[in-house]
Amino acid sequence: MPAEWSLHQATWLSWPHNPDTWPGVLDAAETAMADVVTALAPREHIHINVQDEAHAGHVAALLGGRVPQDRISLERIPTDDAWIRDYGAIVVRDDDSPAGFAAVDFDYNAWGGKYPPYDRDCAVAAQMADRLGLPRVSSSMVLEGGSVDVNGEGLALVTEQCLLNLNRNPSLGRREIEDRLAALLGSSDLIWLGEGVIGDDTDGHIDNLARFVSPRRVLTVVAADPADPNHEALAENRRRLDAWRDRNGKGLDVGELPMPPPVMHDGNRLPASYANFYIANGVVLVPAYGGESDRVATRIVAECFPDREIVPIDCRALIVGLGALHCLTQQIPVMVLGFEHEKQK
């Protein structure tokens, strides 16, 4: 699996449409998604899953005047929800494929069966593979894309809370999971972190906790206040990152991202995290939640990507759905089936 900062052919999205996911804020979530497309479209093509022709017209009208029509493709692929990072195809390099790439289609059960129905989401990866003209590698292992982060050189970050959760793969132990990720994603070495943040219904997805920003540098979120209920779990994750060594005794360069002040909805703390950024061609989209910590987080990410524009996206509506920018995006690396990549603007 290529690292996210590798050159993209495109970004693939599913447009937000489920009012149960964004109660009372669906319009604002759509506005935020339009901001995402506006920031990405000058740099790479955007595929957007829509429900039907009427929904395609709705999305086109929202993007009209903001994004040239030739920069987006509205894909008639119906979904149950918008979290394509977790159910979409993961495009990997594959020397056995005539195209040089393949689309991995893991099983998906809506984060342990929490949000039925999810049958339409389960069918998305196969349709993406078909439209990309790629061979599909199907796996019975339940795995969401947001639960693994890779450096493109065989090293991956995962969490015990998610991958070892009995609501995903009760018959698979740690070793079996490691073997399958090595075979399917080329992740021959896993760094196991512990638990995720309060309010995260994904059971501790890594993309809310720690992210590679280069092959050996990781940004991990911390809660400085010892009274914060996230403090100890995040401190333990930091300790594990600091202690990890490869076979040659080499460790990681670990930096920190702050947690934003608690973002609340209906009395519940939402899983707002600055680690849920998205790296694209020439740009990094960083979640913003309002307040001074936005500027701190944006500066830290900018220092890691001096050659890319850093674009904050207001995620206060998106996070009501319990996810943010990385959860809503899936990269398609260059080159797939001989597509010529466009010159970056």
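**View 1. Ser-187 sits in the loop between H8 and E9.** The model is predicted; local features need pLDDT of at least 70, side-chain atom pairs count only at pLDDT 80 or more, and totals for chains, interfaces and linings use all residues. Residues are numbered from 1 along each chain as its sequence is written, and side-chain values use heavy atoms, with hydrogens and water left out. Helices (H or I, at least four residues) and strands (E, at least two) are DSSP runs, numbered from the N terminus. Ser-187 is buried, with a relative accessible area of 2%; buried means under 20% relative accessible area, exposed over 50%, and partly exposed in between (1.4 Å probe, protein chains only). Leaving aside residues up to four places away in sequence, Ser-187 touches Val-150, Gly-154, Ala-156, Glu-178, Leu-181 and Ala-182. A contact means heavy atoms within 4.5 Å.

**View 2. Three strands form an open sheet in the order E7-E8-E9, with mixed pairing.** Strands E7 (149-150) and E9 (189-193) are at the edges and have a single partner strand each, so one side of each has no neighbour in the sheet. Two strands pair if DSSP finds at least two bridges between them. E7 and E8 (residues 155-159) run antiparallel and are joined by two bridges. Val-150 is opposite Ala-156 in E8. Helix H8 (residues 174-185) packs on the sheet, where H8 touches E8 and E9, and its direction makes about 135° with that of E9. Helix H9 (residues 231-243) lies across E8 and E9 and runs at about 150° to E9. Axes are lines fitted to C-alpha atoms, for helices over the stretch in contact, and angles run from 0 to 180 degrees between N-to-C directions.

**View 3. Helix H6 (residues 124-132) has buried residues Val-124, Ala-125, Met-128, Ala-129 and Leu-132.** Down the axis of H6, these buried residues fall within an arc of 135°, so they line one face of the helix. The arc is that of the directions from the helix axis to the C-beta atoms. Just after H6, Gly-133 has a positive phi of about 70°.

**View 4. Asn-281 lies in the loop between E15 and strand E16 (283-288).** Asn-281 is buried, with a relative accessible area of 5%. Its side chain reaches the backbone oxygen of Arg-43 at 3.4 Å.

**View 5. Residues 336-345 have pLDDT under 50.** pLDDT is the predictor's confidence in each residue, from 0 to 100. Where pLDDT is low, the predicted coordinates should not be read in detail. The mean pLDDT of the protein is 96.

Terms used
A polar contact is a pair of N or O atoms within 3.5 Å; within protein, one must be able to donate a hydrogen and the other to accept it, and residues adjacent in sequence count only if both atoms are side-chain atoms.
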